[in-house]
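Dear colleague,

I am passing the structure on to you below, together with some notes on what was found in it. Please read the notes with the coordinates open beside them.

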Amino acid sequence: MRTKKPESVNCQPNMTPVMDMVFNLLIFFILTSQFAKLEIEEVTLPPSTASVNKDYTQYKNIVINVVNPDNPHIVIFGQTMTLDEVTDVLKDRKEHAQPGETMNVILRADAEVPYEEVARAMLAAGRAQIMGWWITTEMFDPEKQAKKAQ
Amino acid sequence: MRVKRPGVPPKMQPPMTPMIDTTFNLLIFFLLTPSFSMTEGYLTTNLPTTSGPVAGKQQIDVQRIKIELLDEGPKGERVSIVLNDNQNLGDNFDALRSALVNLRNQGLPPNHPVLLSPTMACRHKYVVKGFDQAVAAGFSEIHFAVPYQ
């Protein structure tokens with residue numbers, strides 16, 4: 001009697017949809033991180049025990065960076081700006097906000113910059129009639145720090 | 001004469017394995033990098049606006065708690081704290097917190113206004129530290145003194 005040889009079945013997962021997903025995710029992360037980099041400058045944030053992680057996505061935000069303690073200046077969208085220019089940018093952003101959208105200023109100031117520059121940014125926000133003011137800090141938990149030190 | 005038939009053209013496919021490896025590495029990198037910002041937090045406050053019916057006028061609230069932060073040293077590398085114009089606390093932020101807690105214990109509500117008034121050369125880190133002490137003492141309405149120009 002002739003015995004039929006079992007045919008070997010090629011069992012490989014379908015990689016095409018996996019690769020599609022991976023590429024989509026990759027494109028998403030590349031684009032979003034690029035947008036974030038446009039607004040945020042490299043600063044040493046001051047530590048704070050009172051700061052909290054908040055959801056900023058429900059506001060129309062503008063990030064004001066105060067950089068370089070030796071020669072402090074305000075940077076928005078990668079450009080150094082004067083007080084008047086900051087005021088104009090904030091006013092423009094507020095004018096172009098959608099109805100019902102709340103404007104919010106997120107300050108990222110270096111720990112060592114003098115208050116003068118921060119006050120100038122505050123003044124610009126006040127002139128543009130923007131009241132929401134968030135100060136970015138490094139969240140500091142003394143208990144966790146003590147544990148780390150041990 | 002025998003003519004050689006053209007055979008099946010060889011499959012020309014680029015090598016996908018290194019490309020997929022690179023893609024996965026990039027994906028892992030971009031997935032992990034946003035987690036660095038998880039250590040950042042926000043202190044929220046409201047600013048006074050400098051136009052409208054009260055523009056240019058300094059609103060004087062005699063009831064508010066005033067924390068002055070005076071810069072010390074040639075480049076403002078140190079700070080001196082003065083509470084309510086009369087209590088000089090040196091650079092002791094713990095003493096500031098204790099004094100604010102005492103004020104809270106005397107019956108001041110959490111929404112009692114607190115004004116942080118740093119000098120122009122005072123470093124930003126001290127302003128944040130002063131803000132921290134007010135929050136730690138239980139105050140929620142903390143404002144900044146902004147110069148009018």
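**Strand pairing between the chains**

A:Trp133 stands opposite B:Thr45 in β1(B), where helices (H or I, at least four residues) and strands (E, at least two) are DSSP runs numbered from the N terminus. The two strands concerned, β6 of chain A (residues 132-139) and β1(B), pair in the antiparallel sense over 7 bridges; strands count as paired if DSSP finds at least two bridges between them.

Before going further, please note that this is a predicted model, in which local features need pLDDT of at least 70 and side-chain atom pairs count only at pLDDT 80 or more, while totals for chains, interfaces and linings use all residues. Residues are numbered from 1 along each chain as its sequence is written, and chains are lettered from A and ligands numbered from 1 in the order in which they are written.

**The interface**

On the side of chain B, 40 residues are in contact with 42 residues of chain A, contact being defined by C-beta atoms, placed from the backbone, that lie within 7 Å. The elements of chain B that give two or more residues to this side are α1 (16-32), β1 (40-46) and α3 (124-136), and the largest share, 8 residues, comes from α3(B). By class, the side of chain B that touches chain A has 22 nonpolar, 14 polar and 4 charged residues (nonpolar: Ala, Val, Leu, Ile, Met, Phe, Trp, Tyr, Cys and Pro; charged: Asp, Glu, Lys and Arg; polar: the others, Gly among them).

**The two α3 helices**

Helix α3(B) has 13 residues and reaches 18 Å from its first C-alpha to its last, close to the 18 Å expected at 1.5 Å a residue, the expected span being 1.5 Å times one less than the number of residues. Because 12 of its 13 residues are buried, α3(B) is largely enclosed by the rest of the structure; a residue is called buried if 20 or more other C-beta atoms, placed from the backbone, lie within 10 Å of its own, exposed if 12 or fewer do, and partly exposed in between. Just after α3(B), B:Gly138 takes a positive phi of about 105 degrees.

In chain A, helix α3 (residues 115-127) is mostly covered, with 10 of its 13 residues buried, and just after α3(A) a positive phi of about 60 degrees is found at A:Gln129. A:Val118 has its place in this helix and is buried, with 27 other C-beta atoms within 10 Å. Not counting residues up to four places away in sequence, A:Val118 touches A:Val66, A:Leu107, A:Ala109, A:Val113 and, from the other chain, B:His124.

**The core**

The largest nonpolar core has 49 residues, of which A:Ile64, A:Val105, A:Leu107, A:Ala121 and A:Ala125 touch the most other members; such a core is a set of buried Ala, Val, Leu, Ile, Met, Phe, Trp, Tyr and Cys residues joined through C-beta atoms within 7 Å. Leaving aside neighbours within four places in sequence, A:Leu107 has among its contacts A:Ile64, A:Val118, A:Ala121 and A:Trp133.

**Hairpins in chain B**

Strands β2 (residues 65-72) and β3 (residues 78-83) of chain B run antiparallel and are joined by 6 bridges, with B:Leu83 as the bridge partner of B:Ile67. B:Leu83 also stands opposite B:Gln87 in β4(B), and the hairpin of β3(B) and β4(B) has 3 residues between its strands, including B:Asn84, whose phi is positive at about 50 degrees.

With best regards

Conventions:
Contact = placed C-beta atoms within 7 Å.
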